[in-house]
Amino acid sequence: MQWDDLRIFLAVARHESLSGAGKALKLDPATVGRRIARLEESAGAVLFAKSPQGYSLTDEGHALRARAAEAEQSIIGGIEQMRGQAGRLTGTVRIGAPDGAANYLLPQVCAQICEANPGLEVQIVALPRVFNLSRREADMAIGVSPPASGRLMVQKITDYRLHLAASVRYLARAGTPKSLADLGQHKIIGYIPDMIFDKELDYLAEVGVSHVDFSSNSVAVQLNWARQGAGLTVAHDFALPSAPELRKVLVEEASLVRSFYLIRHAADRRVPRLNRFAEALTAGLRKEVARLEALT
């Protein structure tokens with residue numbers, strides 16, 4: 001089994017297609033397919049389930065991916081040392097995050113980290129669900145609650161705040177609620193109830209709202225609905241500077257505090273480049289949340 005085959009295997013696992021992996025590796029997709037076939041023959045196992053939707057890892061593929069990712073990190077670290085770049089960040093880091101953080105915090109924070117480290121590529125996977133780090137879906141993830149199980153390292157990043165908000169247009173049409181009891185007379189925007197993947201996201205229940213008129217599993221969609229005057233929503237304070245049409249309401253009565261956590265695989269404790277990236281990411285997120293919240 002050759003490292004170059006494992007490198008191609010990781011690319012297919014990350015892009016879930018031969019064409020996507022080929023584009024990233026600057027190889028013809030047919031060549032990528034032949035190399036995967038060779039690797040499967042060498043391993044004596046089927047690593048991918050092929051379908052019209054793409055290439056998805058089998059259980060054997062997931063097991064190999066975890067080991068191959070560890071080997072990749074070791075190789076990158078060795079190359080950095082040889083080049084005298086041990087203090088800099090290179091290679092690819094994939095972050096899984098809920099779409100609130102992915103849309104309104106990570107782009108600017110990661111752009112700053114990459115600007116200081118020209119050899120670094122950051123991939124942000126924005127999905128409203130919990131990431132499976134043990135299967136190496138990402139190198140690290142941001143969560144809204146600490147996981148209860150698994151061989152994971154968990155570090156609290158920062159608290160963040162949320163408030164009810166609506167557009168000026170909506171408030172002019174429907175009136176500004178004076179108390180939580182008034183919310184029953186207003187249009188409400190929130191999560192699809194059966195798609196709330198973490199109890200910490202059940203914001204409306206905390207402010208006593210039991211109905212939802214417009215719903216989405218995406219924070220960005222909810223915010224854009226509010227911007228269009230659809231109704232009231234619970235919005236992240238750090239997202240409000242990007243939505244100047246919105247105004248906070250019931251600021252004292254409906255003020256929520258939540259937390260972000262950085263979640264990593266325990267084995268990555270021994271990977272210096274990921275430790276350095278995690279440190280830079282954590283510091284950047286704390287600073288950016290504080291900056292944006294001060295603008296609201």
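This text walks through a predicted model of one chain, from its overall make-up to single residues.

Start with the whole chain. It holds ten helices and eleven strands. Along its principal axes, the C-alpha trace spans about 70 × 45 × 35 Å. The chain has 296 residues, and 48% of them are buried. Among contacts with a separation of 6 or more, 75% join residues 24 or more positions apart.

The chain exposes about 14,300 Å². Carbon and sulfur atoms supply 51% of that area.

Next, the inside. The largest nonpolar core has 60 residues. Seven of its members touch the most others: Ile 95, Met 140, Ile 142, Phe 238, Phe 260, Phe 277 and Leu 281. Helix α10, residues 272-293, gives this core its largest share, seven residues. There is also a second, separate core, with 19 residues. Leu 6, Leu 10, Val 12 and Leu 47 are included in that second core.

Phe 260 sits in strand β11, residues 255-265. Is Phe 260 buried or exposed? Phe 260 counts as buried because its relative accessible area is 4%, and the cut-off for buried is under 20%. Leaving out residues up to four places away in sequence, Phe 260 touches Pro 98, Ala 101 and Leu 105, among others. Its partners also include Ile 142, Gly 143 and Val 144, a run from Gln 155 through Lys 156 and Ile 157 to Thr 158, and Tyr 160 and Phe 238. Ala 230 makes another reference point. Phe 260 and Ala 230 are 30 residues apart in sequence, and their C-alpha atoms are 28 Å apart in space.

Return to helix α10. Gly 284 has its place there. Gly 284 is buried too, with a relative accessible area of 17%. Lys 178 is 106 residues away from Gly 284 along the chain, and 37 Å separates their C-alpha atoms.

Now go to the start of the chain. Helix α1 covers residues 3-15, which is 13 residues. From first C-alpha to last it reaches 18 Å, close to the 18 Å expected at 1.5 Å a residue. Much of α1 is listed as buried: Asp 5, Leu 6, Ile 8, Phe 9, Leu 10, Ala 11, Val 12, Ala 13 and Arg 14.

Glu 16 follows α1. It lies in the loop between α1 and α2 (18-25). Its backbone deserves a look. Most residues other than glycine have a negative phi. Glu 16 is not a glycine, yet its phi is positive, at about 60°. With a relative accessible area of 47%, Glu 16 is partly exposed.

Leu 250 is another such case. Its phi is near 45°, again a positive value in a residue other than glycine. Where does Leu 250 lie? Leu 250 is in the loop between β10 (246-249) and β11. Leu 250 is buried, with a relative accessible area of 9%.

Methods: Residues numbered from 1 in each chain as written. Predicted model: local features only at pLDDT ≥ 70, side-chain atom pairs only at ≥ 80, totals over all residues. Heavy atoms only, no water. Core = buried A, V, L, I, M, F, W, Y, C linked by side-chain atoms within 4.5 Å. Buried < 20%, exposed > 50% of the residue type's maximum accessible area, 1.4 Å probe, protein only. Helix = DSSP H or I, 4+ residues; strand = E, 2+ residues; numbered from the N terminus. Expected span 1.5 Å × (residues − 1). Contact = heavy atoms within 4.5 Å. Areas by Shrake-Rupley, 256 points an atom, 1.4 Å probe, with all protein chains shown as cover.
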